[in-house]
Amino acid sequence: MTDAAQPLGTPASRRPARRRGPRRDGLLTLYLYGAMILVACIVLVPLLTTALGGFKTLGELRTNPFGLPQEWIWSNYWDILTTERYWRMLGNSLVISSLTAFLTLAAGSMAAFTFAHLRFFGSGALLNYFLLGLMFPAATAVLPLFIRIRDLGLLDTYLGVVLPQVAFGLGMSILLFRNFFRNVPKDLLDAALVDGCGYVRYFWHITLPLSRPILATVGIVSFVNSWNNYILPLILLNTETKYPWPLGMMIYRGEFSTDWHLVLAFVTLTILPTIIVFFAAQKHIVAGLTAGAVKG
Amino acid sequence: MAEVTLHGVHKSYGELSVIKGVDLHVRDHEFMVFVGPSGCGKSTLLRMIAGLEEITDGELRIGGQVVNDLPPAQRGIAMVFQSYALYPHMTVYENMAFGLQLAKYPRDEIDRRVRNAGRILQIEHLLDRKPKALSGGQRQRVAIGRAIVREPKVFLFDEPLSNLDAALRIATRVEIANLHRDLKATLIYVTHDQVEAMTLADRIVVLNGGVIEQVGAPLELYHHPRNLFVAGFIGSPRMNFVEATVSGTGEAGVTVVLREVGTEITVPCAPGGVRPGDPVTFGIRPEHLAEDGTGAARIGGEVQVVERLGSETFLYVRMANGELLVVKAAGASRARPGDRISVGVLADDGFVFDGDGLALPAGPGRAPRELGTTRHEEMRGRPGPLLS
C-alpha cells in the first residue's frame, strides 16, 4: 500500500479506455463476412460450374450453364478416366511437379538457412541476386533458356523442364524460408550449439522439423505453379508422351473443340490432384508449431 | 577440478567494446553470480564462457584448459537459458537426451541419466510430454534437467528465473541452491535481481559498462562497497547519497557537512586523500536511518510518500536540498504524507565517497561487520577468508 502527498497518477492513466460499441462490432463482423463470401463466390463459382458442366450434355450446358444437371452423366468422366492418355499426362505432370517441388524445397531451404544464419563476404549481394529472380517471369527468357537447355542436352526431358522451374521458383522460396528461419528463436540455435550440434545438424534436427508450415506452403506453391505451367513444357518438350496436362489439355481441346462438356470434365479431373495435395498439406500450415519453445 | 579463469578478456563488435578486459577466477564448486544493470555485459560474458560469443582478446580457461577456440559442446559446460530454449517438437525425454545422443552415448546410459535427472527434478511423470504441455516452472525444470544430464564441469545460468512469477521464482531459487549443494558443481549465474544474487552466491561479480566494479561475498559487497556504483547497486532500496563537503578529519573519522541541508556527520573512516573543503558524497542505507531521530546526527524533512509493506515501512522524506531520502521504518510506523520528521543518522554505518566516487577505507573507529561464511565454504566444511 502506498500513501502519497500528491496524486501519483497522470490524468491520462485515469482516462477510461475508449471502447467500440457492440453495434459497431456487429457491423464490422457483417462487412468481414460479406467480403469473405464475395471472395469465396469468385473462387468457387467457376470451379463448381466447371465440375458440374462435366456432368451435363452439350445441349444442357448451353441452356443451363450454372445450374445443377437435370441428369448426371457420369460417363463423361468415366470415358476420360478409362483413356491411357489421361493417366499418362497425369503421370507426367506428377513427376515434373513433384520433382520441382522437392528440388525447390531442398535448394531453397538450405540457401535460405545460410542467408538467415551466416554472414560472409558478399552474402547480402548474393541474396539480392537471388531475389532479383522474382522480377523475371519465365516468358521473358524463353530463347536463352531454350538454347541453354539444348546445350545441356536436356531438351525433351523431364529434368529440362524441372530445372528452369526450380530456378525461377528459388527467389520466392528463399524469401519465404529466410523470413521464417529468422523468426525461429535464436536461443534454440544457442541451445543446440551447447548440445553439440553444428549448423548442419541444427538445420536437420531442429530447423526442418519446426518448419513444416513453411515447407508445406512453399511445397504447395511450387507444385501448383509447376502443375499449371504451360510455356516451359511447350518450348522444351517435343514428344507427346512426355506432355504434362496443360499441353495435353490443348490437344484434347483441339480434338473435342465442340464438346465443351467433355473439356470441362477433363479440366476437372486434371485439377483434382492439386486439390488433394493442398488438403493433404493443409494440416501442416498451422500456427503455433513453436509453441512451448521459449517463453511466449 | 572445474575452475574458470579469465585473463584480460575483451569483446568488441567492430568499434564498440562491450567487455573491456575482465580478469576473474571462479573456484571449483563455487556459485558465482554476475550482476549489473542492463547492457553491462554480464550475459555477453557468460556467453563468451559458453562459447556462444567469440572472445576478441584474452584467455579463457576451464578446468585448466584454454578453451578460447573450442566449440561450446567441447568446453564441458551446460547452459540454462532465460527463455528455456526447449526444442518444441521433442518430448521432455528427447529434449534431455538430445545432447547425449549427439555425443553418441550408449542408449542405456542416456536412459539412466535422463531418468535420474527426472527424479532429481521431480519431472519423471512429464518425460513423455512436449514443452507446450508444460507450465513455465516445469519448462524451467526441464531446461535444468537438460543441463544436468550432461554432467558438465561448469553450469551456466542466464537469468533462469526471470520468466517465472514471484512465488515460483522463490521456490525455484531454493531448488537451484539445493541443486548446487547436491551436484557440487561450479556454477556461474547471471541475474539482474540482487535478491537472487545475495541469496544464492558464494561470491558476486558486479559489472558495469563491461568492467568489473567489485568481486566479493554478498555481505562484503553490502558492507564494504568499493565505490558509488556498487554501493548504489547492492541493497534494496538503494543507498541514499547526499552531496557533502569535508569539514574536518581526525582520529574519529571524516566529518562532512551535507550541502544545503547543513547536518554535520562524522563517519568512522580513514580520510585517505581527502582534505577539509573537498567535495564528497555521503552514503547511508535506508535501514541505517531512524524515523524516531535516534543517532549521531539528524536530518529534517517532510514525508512525501509512505510505502507500507506490513513487516516494514519505507518513508520517502524530502530534505531541504530538495532530494528524497529513503528511510526504513517499522511496519507499525504511523508516519503520514505531509508529516515533518527529524530522521536520525546511524553515522557508524555511513560511507564517504571521494570526488572519484571511491569509498574511503574503514577507519579504526568503525566496528567490524559480520560477513558470515559462504555456502561454498560450508559445503567444503572449512570456513576461510572471503576475499581471494
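**Figure 1. Confidence along chain A of the predicted model.** In chain A of this predicted model, confidence is lowest in helix 1 (residues 11–14), with a mean of 45, and highest in helix 9 (residues 186–195), which reaches 94. Taken over the whole of chain A, the pLDDT averages 84, and 88% of the residues score at least 70. Where pLDDT is low, the predicted coordinates should not be read in detail.

**Figure 2. The two domains of chain A and the side on which they touch.** The domain assignment divides chain A into domain 1, covering residues 28–73, and domain 2, covering residues 87–282. The centres of domain 1 and domain 2 of chain A, taken over C-alpha atoms, are separated by 31 Å. Where the two domains of chain A meet, 8 residues of domain 1 are in contact with 7 residues of domain 2. On the side of domain 1 of chain A that touches domain 2, helix 2 (22–53) and helix 3 (58–63) each supply at least two residues, and helix 2 of chain A gives the most, with 3 residues. Sorted by class, this side of domain 1 of chain A has 3 nonpolar, 4 polar and 1 charged residues.

**Figure 3. Chain B as a whole.** The secondary structure of chain B comes to 9 helices and 20 strands, and its C-alpha atoms fill a box of roughly 75 × 45 × 45 Å along the principal axes. Chain B has 388 residues, of which 45% count as buried. Among the contacts in chain B with a separation of 6 or more, 66% are between residues 24 or more positions apart. The domain assignment gives chain B a domain 1 at residues 4–229 and a domain 2 at residues 237–353, and the centres of these two domains of chain B, taken over C-alpha atoms, are separated by 39 Å.

**Figure 4. An open sheet of six strands in chain B.** This sheet of 6 strands is open and has mixed pairing, and its strands follow the order 6-7-8-3-9-10 in chain B. At the edges of the sheet are strand 6 (77–80) and strand 10 (211–216) of chain B, each of which pairs on one side only. Neighbouring strands of the sheet are turned by 20° against each other on average, with direction ignored. Helix 4 (residues 136–148) of chain B packs on the sheet, where this helix touches strand 6 and strand 7 (154–158), and its direction makes about 175° with that of strand 6 of chain B. Strands of a sheet pair through backbone hydrogen bonds, either parallel or antiparallel.

**Figure 5. Strand 3 of chain B and its two partners.** Strand 3 (residues 31–35) of chain B runs parallel to strand 9 (residues 203–208) of chain B, and 4 bridges join the two. Within this pairing, Val35(B) stands opposite Val206(B) of strand 9. Strand 3 of chain B also pairs in the parallel sense with strand 8 of chain B, again over 4 bridges, and here Phe34(B) stands opposite Val190(B) of strand 8.

**Figure 6. Strand 8 of chain B, covered on both faces.** Strand 8 (residues 186–190) of chain B is mostly covered, with 5 of its 5 residues buried. In a regular strand the side chains alternate between the two faces of the sheet. On one side of strand 8 of chain B are Thr186(B), Ile188(B) and Val190(B), on the other are Leu187(B) and Tyr189(B), and all of these are buried. Strand 7 of chain B runs parallel to strand 8 of chain B and is joined to it by 5 bridges; in this pairing the bridge partner of Asp158(B) in strand 8 is Val190(B).

Figure 7. Chain B averages a pLDDT of 89, and 93% of its residues score at least 70. In chain B, confidence is highest in strand 3, at 96, and lowest in helix 9 (residues 375–380), at a mean of 46. Over residues 372–388 of chain B the pLDDT is below 50, although this stretch has 25 contacts in the model beyond near neighbours in sequence. For the complex, the predictor gives an ipTM of 0.83 and a pTM of 0.80.

Notes
Residues numbered from 1 in each chain as written. Chains lettered and ligands numbered in written order. Predicted model: local features only at pLDDT ≥ 70, side-chain atom pairs only at ≥ 80, totals over all residues. Domains from an automatic or database assignment. Nonpolar A, V, L, I, M, F, W, Y, C, P; charged D, E, K, R; others polar. Pairing = 2+ DSSP bridges. Axes fitted to C-alpha atoms, helices over the stretch in contact; angles between N-to-C directions. pLDDT = per-residue confidence, 0-100. Buried ≥ 20, exposed ≤ 12 C-beta atoms within 10 Å, placed from the backbone.
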